[in-house]
Amino acid sequence: GTDWQPWLQPIDWAACALSAGTGMKRRQFVGGLVAAAGVTACAQESADCENAAAGGGERFEWSCVTSWPPKYPGMGMGVENLAARIEAASAGRLKIKVYGGGELVPAFEVFDAVSRGTVEMGHDASYYHKGKVEAAQYFTAIPFGLNYLELNGWLFYGGGLELWRELYEPFNLFPIPCGNTGVQMGGWFNKEINSVADLDGLKMRIPGLGGEVLRRAGGTPVTMPGSEIFTSLQTGAIDATEWVGAYNDVAFGLHKGARYYYYPGWHEPGPGLETIINKEAWASLPPDLQAIVETACQAITTDMVAEYTHGNAMALKQLNEDPNVELRQFPQEVLDLLEEITREVVAEMSEGDELTKRIEDSYYAFLEVSREAQRVTEQAYLNTRG
Ligand code: CA
């Protein structure tokens, strides 16, 4: 809503790109929207192509489809910023047009569209692909698993990214970590959760592994697009919902549809997002453009976490002052049960699949070591701050 505007405004990287490039003649590419055509090289003899030649010459015009509402705070703006940064850093040699969910392909068909080469690039969350490749969920979030800092530690220094690329290889996709929401909230409830018995029959919008865990704990998980959540909550069609965190939840008005806001987000402790690139499109880029894309993705992760850290803090402050909202912590016995069930669900996922088992072993080997390190670093520090 408009109340939130002062800090909802993201940095306008596109404007930065334009001001950085004022010394260079800019010309619109001809050819309109590139829906299917792979890459287009610029063979025009013009001032900006000569400029581009200094950096390798060939120019690329890509389409990027996403699962997010267009320009949605956090996730949606992250990919817009990514495209603007890549264009600026490459002096316009790689230009990416971003489409919101449903604008070019449906929100949950990003994986297929990029895999087939309908478009060169996509931005979404790997756990949306669990129906095709169940182990993809490790690279977004596992309940009671790695937080934001740990996920990056595992991906970039603990072998996680190599496993992810191996997992996506048969799908003709090259994944790059790109964005993270940080730890999410447990969700909005119109029923109090005081014991495990209160999970019985609880109808909650919660996707992925978290939903499966809730089902085994006696609840009824349902999935629906973000756009339908508020009405379902308000009409009582569902008792509870999770979405992201205060920043995004308030943008959907969820605080007007339920009284109790539970924490922590046990099911999504630091979900990472992905840029996926069609392998032929990736291979067509010269090494400097590949480096620009990977570097820009890392920058977007940092930027998105900064946006969520600030936005969540501001939104939580307002929620704390709202007499119609009560912040509640899940009872420990509820969290203990959910964690126990998570271990069963995870173990079943790798039964009979060698690569999933290797991913599981790598992920949990790091989690076990990191658990102790976090206990005496981040966790200890935050506990002393009071
Ligand atoms: Ca969520």
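Helices α14 and α15 run roughly parallel to each other, a label given to angles under 35 degrees, whereas those over 145 count as roughly antiparallel, 65 to 115 as roughly perpendicular and the rest as oblique. The model is predicted, so that local features need pLDDT of at least 70 and side-chain atom pairs count only at pLDDT 80 or more, while totals for chains, interfaces and linings use all residues. Residues are numbered from 1 along each chain as its sequence is written, and side-chain values use heavy atoms, with hydrogens and water left out.

**Helix pair**
- Helix α14 covers residues 354–376 and helix α15 residues 378–385, and the two pack at an angle of about 30 degrees with their axes 3 Å apart.
- Q374, R375 and V376 of α14 meet E378, Q379 and A380 of α15, where contact means heavy atoms within 4.5 Å.
- The residues of this contact of α14 with α15 divide into two nonpolar, two polar and two charged.

**Largest pocket**
- The largest pocket has a volume of about 1600 Å³.
- Among the 41 residues that line the largest pocket, those closest to its centre are N147, V183, P264, P269 and L382.
- The lining of the largest pocket draws at least two residues from each of α6 (148–157), α12 (287–320), β11 (326–329), α13 (332–349), α14 and α15.
- By class, the lining of the largest pocket comprises 19 nonpolar, 15 polar and seven charged residues.

- Distant parts of the chain are linked here, with Q184 in the loop between β4 (173–180) and β5 (187–189) and E242, 58 residues apart from it, in the loop between β8 (240–241) and α10 (246–251).

**Individual residues**
- Y148, which lies in helix α6, has its C-alpha atom 4.3 Å from that of G270, although 122 residues separate Y148 and G270 along the chain.
- Leaving aside neighbours within four places in sequence, Y148 is in contact with N180, G182, P269, G270, T301 and V305.
- Y263 and P264 are joined by a cis peptide bond with omega of about 0 degrees, and P264 lies in the loop between β9 (260–263) and β10 (272–278).
- K71, in the loop between β1 (60–66) and α4 (75–89), has a positive phi of about 55 degrees although K71 is not a glycine.

How values were computed:
Axes fitted to C-alpha atoms, helices over the stretch in contact; angles between N-to-C directions. Helix = DSSP H or I, 4+ residues; strand = E, 2+ residues; numbered from the N terminus. Nonpolar A, V, L, I, M, F, W, Y, C, P; charged D, E, K, R; others polar. 1 Å grid on protein atoms, 1.4 Å probe; cavity = no way out; pocket = protein on both sides within 12 Å on 5 of 7 lines; lining within 4 Å. Points joined across faces, edges and corners; volume = space filled by probe spheres on them.
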